[in-house]
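Biologist: Could you take me through this model? I would like to begin with the sheets.

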Amino acid sequence: MAVGLGPLSTLHPVPGFELGIASAGIKRPGRKDVVVMRCAEGSSVAGVFTLNAFCAAPVILAKKRVSGSVRYLLTNTGNANAGTGEPGLHNAMRTCASLAGLAGVDESEVLPFSTGVIGEPLPVEKIEGALQAALDDLSVDNWAEAATGIMTTDTLPKGASRQFVHDGVTVTVTGISKGAGMIKPNMATMLGYIATDAKVAQGVLQDLLRDAANKSFNRITIDGDTSTNDCCMLVATGQAALPEITQASGALFAALKQAVFEVCMEVAQAIVRDGEGATKFVTVQVNGGATHQECLDVGYAVAHSPLIKTALFASDPNWGRILAAVGRAGVAQLDVSKIDVFLGDVCIASKGCRASSYTEEQGAAVMAEAEITIRIELGRGTCSETIWTTDLSHEYVKINAEYRT
C-alpha cells in the first residue's frame, strides 16, 4: 500500500517536451508499456546513471549518447534488457534506429531506457510495433499518462511540477519517476524524467542534476539493492523567452535550482511511499557527525537493517536494534556515551543507554504511526544527513517471490 501517496497533482506541460504512450504487450497484452518523449531541437540534456557494474544495455548506450544532440527518449517496461551481453546492446541500438527512422532523426539522437525483468532478451519486434502509435500520441499534456506507462511494480504513478516567474516569464519544471523495489540508487532512481523550458548550458544542467540527485534520489532506499537500470534525465528545452543560463549563479539559476530540487525530492520520496509492501514511510535523520559520510554510514546502517525494518512493520519500539545498527556502521572512534536517539519527539536512548524518561508506551505510540522519524544525535560535529526508507513487510517478500510469475 502507498503511504501518504494519493492521486497525481497537476503536472504542468513543458513547452518543447512531448510524451507519447503506446502498448507493445511486453509482459501483459494491452498494457501501455512503451513511452516516447520528444525534446525540441536544441534542447540540453543531462543524465545520471546507475553505478552497478552489471548496468543494462540501454544504460551503456544512453551514457554514450547523452552529451550529444538528443531528440528522443525511448522507454519500455516489462523487460530490463540487463544481463543480456552483446545481443542486448544490439537490440537496444535496433529499437533506437527504428524510432529514429520513423521520426526522421539520426539514431544517435535517441536514448533508450528499459525496466523490468533482468536477463531476458528484449522483445524488439513488439517494441518496434508500438513506436508509430507512440509517435502519433505525442503531446505536451501526456505527463500523467507517461507516469503510468513507465510503472512496473508501482501501485501509483509519481509526478511533481513547479512553476516560477522571472522577469515576467513563467518557467516550468515537471517530472515523473517510477520505482518501488530494488531501490538504493547510486546516482538517481529506477527511472526518472524531468523537463524544464528554461534554456541551460549542458554543463550547468549536468551539474544541477547531479547535485539534485545527491540530495533526493541518492538519499532513498527500500531494500538496499541498486538496480542495473537506474537512470534519471533532466531536459532543458530552452522554449522560455529568457537568456540562457551559462553559469551556476544569479537569480534565474537560483530559482530554477530550487524548482528542480523540489521536483526531484517529491518524486524521489514518492518512490519510498510506494515501496513494495510498505506500510511505513520512515525518515532517518543523523545529526552531529564529524563528516557527511559518517552520517550517511549511520543512516544507511539503520535504514537497511532487516531487524529494524521488521520492527517498524510490527510497530515494535525495539530500540536496542537501532543502537546495534549505529554501533556497527563503521564510524571510527565512535563514543557511544555521546549518542542520543529519538523516535519522533520521544527520546528513547540518551548517552548510549535507555533514557530515564522513556516508557514503552511512548515508543509504541510513535511506531504505530504511518510516518515515523528516527533521529540520531552523534555528538561528534556539525554535519547532518537525512535518508528516507520503509518497513519490511510480508507483502514485500510475496511481491518479489512472485515477480517473474
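Modeller: Two strands pair if DSSP finds at least two bridges between them. Strands (E, at least two residues) and helices (H or I, at least four) are DSSP runs, numbered from the N terminus. Strand 7 (residues 169–178) and strand 8 (residues 191–196) pair over six bridges in the antiparallel sense. This is a predicted model, in which local features need pLDDT of at least 70 and side-chain atom pairs count only at pLDDT 80 or more, while totals for chains, interfaces and linings use all residues. Residues are numbered from 1 along each chain as its sequence is written, and side-chain values use heavy atoms, with hydrogens and water left out.

Biologist: What is the bridge partner of Ile176 in strand 8?

Modeller: Ile176 has Tyr193 as its bridge partner there.

Biologist: In what order do the five strands form the open sheet?

Modeller: The order is 3-9-8-7-6, with mixed pairing. Strand 3 (44–49) and strand 6 (158–166) are the edge strands, each pairing on one side only. From one strand to the next, the twist averages 10 degrees.

Biologist: Which strands does helix 5 touch?

Modeller: Helix 5 (residues 202–215) packs on the sheet and touches strand 3 and strand 9 (231–236). Its direction makes about 35 degrees with that of strand 3. Contact means heavy atoms within 4.5 Å; angles run from 0 to 180 degrees between N-to-C directions, and axes are lines fitted to C-alpha atoms, for helices over the stretch in contact. Helix 6 (residues 251–273) lies across strand 6, strand 7, strand 8 and strand 9, at about 165 degrees to strand 6.

Biologist: Changing topic, at what angle do helix 1 and helix 2 cross?

Modeller: The axes of helix 1 (residues 57–65) and helix 2 (residues 85–103) cross at roughly 60 degrees and come within 8 Å. That makes helix 1 oblique to helix 2 (under 35 degrees counts as roughly parallel, over 145 as roughly antiparallel, 65 to 115 as roughly perpendicular and the rest as oblique).

Biologist: Which residues meet there?

Modeller: Ala57, Pro58, Ile60, Leu61 and Arg65 in helix 1 meet Gly88, Leu89, Ala92, Met93 and Cys96 in helix 2.

Biologist: And the domains: how far apart are the C-alpha centres of domain 1 and domain 2?

Modeller: The centres lie 33 Å apart. The domain assignment gives domain 1 (17–274) and domain 2 (281–402), with bounds from an automatic or database assignment. Their contact takes 14 residues from domain 1 and 15 residues from domain 2.
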